[in-house]
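Please read them alongside the sequence and the coordinates.

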Number of protein chains: 2
Amino acid sequence: MIAEKMDAAAVEAAELFKALSNPGRLRILCALVPGEQTVGALEEQLGASQSYVSGQLLRLRSEGLVICERDGRSMRYRLADPRVRPMLERAYEVFCPL
Amino acid sequence: MIAEKMDAAAVEAAELFKALSNPGRLRILCALVPGEQTVGALEEQLGASQSYVSGQLLRLRSEGLVICERDGRSMRYRLADPRVRPMLERAYEVFCPL
DNA sequence: CCAAAACATTTCAATATTGGAATATAAATA
DNA sequence: TATTTATATTCCAATATTGAAATGTTTTGG
């Protein structure tokens with residue numbers, strides 16, 4: 001049956017949507033769309049605490065949505081899941097009209 | 001500052017994503033993309049209980065994502081928020097490739 | 001090696017979500 | 001009108017999420 005495929009896809013999609021369902025995480029991911037960002041840079045852009053940003057990044061990392069790489073004493077984060085960018089682009093069109 | 005607009009948009013978008021972050025709700029909304037559906041029809045398509053489907057519909061209604069109309073003893077539900085369809089279409093492209 | 005900078009991690013209380021079970025309501029039919 | 005059908009609503013215990021606070025870790029500069 002096709003229902004199982006649809007169900008599996010729905011579970012996967014729902015997981016991604018859950019990752020996007022928090023304004024802080026959403027803004028972090030959006031900030032990564034143009035390219036890599038340092039944790040400190042993300043703190044500034046969000047106006048959020050170090051612990052908050054780092055915590056959300058940890059979660060996003062554990063879900064495979066971002067990956068990081070050390071650069072001196074900083075960590076550079078970037079998007080890692082190819083499904084994120086298309087969804088964010090559409091969200092941008094829908095929620096941030098010209 | 002533009003940060004406030006971005007923040008407001010992020011909050012709105014995150015709310016929609018939260019509605020989509022449950023496989024059951026997601027499948028209900030997907031089932032409504034082609035057109036109106038009865039509660040019973042949704043129960044069949046999802047293979048879920050009456051109480052479950054009706055409960056999720058109640059929530060989606062309270063968020064303004066769907067609206068319903070009585071038709072005899074049935075209720076016909078349909079999508080009500082113009083932002084839902086574009087997001088689901090993109091999700092379909094991303095998660096249900098040809 | 002030591003201190004500071006930049007992140008990571010743990011902990012926790014408050015709050016929210018989940019889905020099942022039971023019960024209630026509205027409309028049609030006999 | 002009594003019953004059945006279709007849907008709505010309430011209730012609840014288990015689980016998950018949230019964001020702040022405190023503390024731990026890693027790397028570099030002196």
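1. Along its sequence, chain A of this predicted model runs α-α-β-α-α-β-β-α. That amounts to 5 helices and 3 strands. Taken along the principal axes, the C-alpha atoms of chain A occupy a box of roughly 50 × 35 × 20 Å. Chain A has 98 residues, and 39% of them count as buried.

2. The surroundings of DNA strand C come next. DNA strand C is surrounded by 23 residues, the closest being Gln50(A), Leu58(A), Arg73(A), Tyr77(A) and Arg59(B). Sugar or phosphate accounts for 75% of the atoms of DNA strand C that lie within 4 Å of the protein, and bases make up the rest.

3. Which elements supply at least two residues each of the surface near DNA strand C? From chain A they are helix H3 (39-46), H4 and strand S3 (74-79), and from chain B it is H4. H4(A) provides the largest share, 6 residues. Sorted by class, this surface near DNA strand C comprises 5 nonpolar, 11 polar and 7 charged residues.

4. Several side chains of chain B reach phosphate oxygens of DNA strand C. Arg25(B) places a polar side-chain atom 3.0 Å from a phosphate oxygen of DNA strand C. For Tyr52(B), the distance from a polar side-chain atom to a phosphate oxygen of DNA strand C is 3.3 Å.

5. DNA strand D also has 23 residues around it, and the closest are Arg59(A), Gly40(B), Gln50(B), Leu58(B) and Tyr77(B). Of the atoms of DNA strand D within 4 Å of the protein, 72% belong to sugar and phosphate. The surface near DNA strand D holds 5 nonpolar, 11 polar and 7 charged residues.

6. Four elements can be named for the surface near DNA strand D, each with at least two residues: helix H4 (50-62) of chain A, and helix H3 (39-46), helix H4 (50-62) and strand S3 (74-79) of chain B. Of these, H4(B) gives the most, with 6 residues.

7. The contacts to DNA strand D include base, side-chain and backbone cases. Gln50(B) has a polar side-chain atom 2.8 Å from a base nitrogen of DNA strand D. A polar side-chain atom of Arg25(A) is 3.0 Å from a phosphate oxygen of DNA strand D. For Met75(B) the protein atom is a backbone N or O, 3.3 Å from a phosphate oxygen of DNA strand D.

8. How many aromatic pairs does a search of the whole structure find? Over all chains there is 1. The ring centres of Phe17(A) and Phe17(B) are 5.7 Å apart and their planes meet at 20°, so the pair counts as stacked. The pair crosses between chains, joining helix H1 (residues 2-19) of chain A to helix H1 (residues 2-19) of chain B. Phe17(A) is buried, at a relative accessible area of 0%, and Phe17(B) is buried with a relative accessible area of 0%.

9. The length of helix H5 (residues 84-95) of chain B can be checked. Val84(B), Met87(B), Leu88(B), Arg90(B), Ala91(B), Val94(B) and Phe95(B) are buried in H5(B). Those residues lie on the same side of H5(B), because they cover an arc of only 160° around the axis. Tyr92(B) and Glu93(B), on the other side of H5(B), are exposed.

10. A last point concerns Gln37(B), which sits in strand S1 (residues 37-38) of chain B. Is Gln37(B) buried or exposed? Its relative accessibility is 18%, so Gln37(B) counts as buried. The side chain of Gln37(B) makes a polar contact of 3.2 Å with the side chain of Gln45(B).

Methods: Residues numbered from 1 in each chain as written. Chains lettered and ligands numbered in written order. Predicted model: local features only at pLDDT ≥ 70, side-chain atom pairs only at ≥ 80, totals over all residues. Heavy atoms only, no water. Near = heavy atom within 4 Å. Polar contact = N/O pair within 3.5 Å; in protein donor to acceptor, adjacent residues only side chain to side chain. Nonpolar A, V, L, I, M, F, W, Y, C, P; charged D, E, K, R; others polar. Buried < 20%, exposed > 50% of the residue type's maximum accessible area, 1.4 Å probe, protein only. Arc of directions from axis to C-beta. Phe/Tyr/Trp six-rings, centres within 6.5 Å; stacked < 30°, edge-to-face > 60°.
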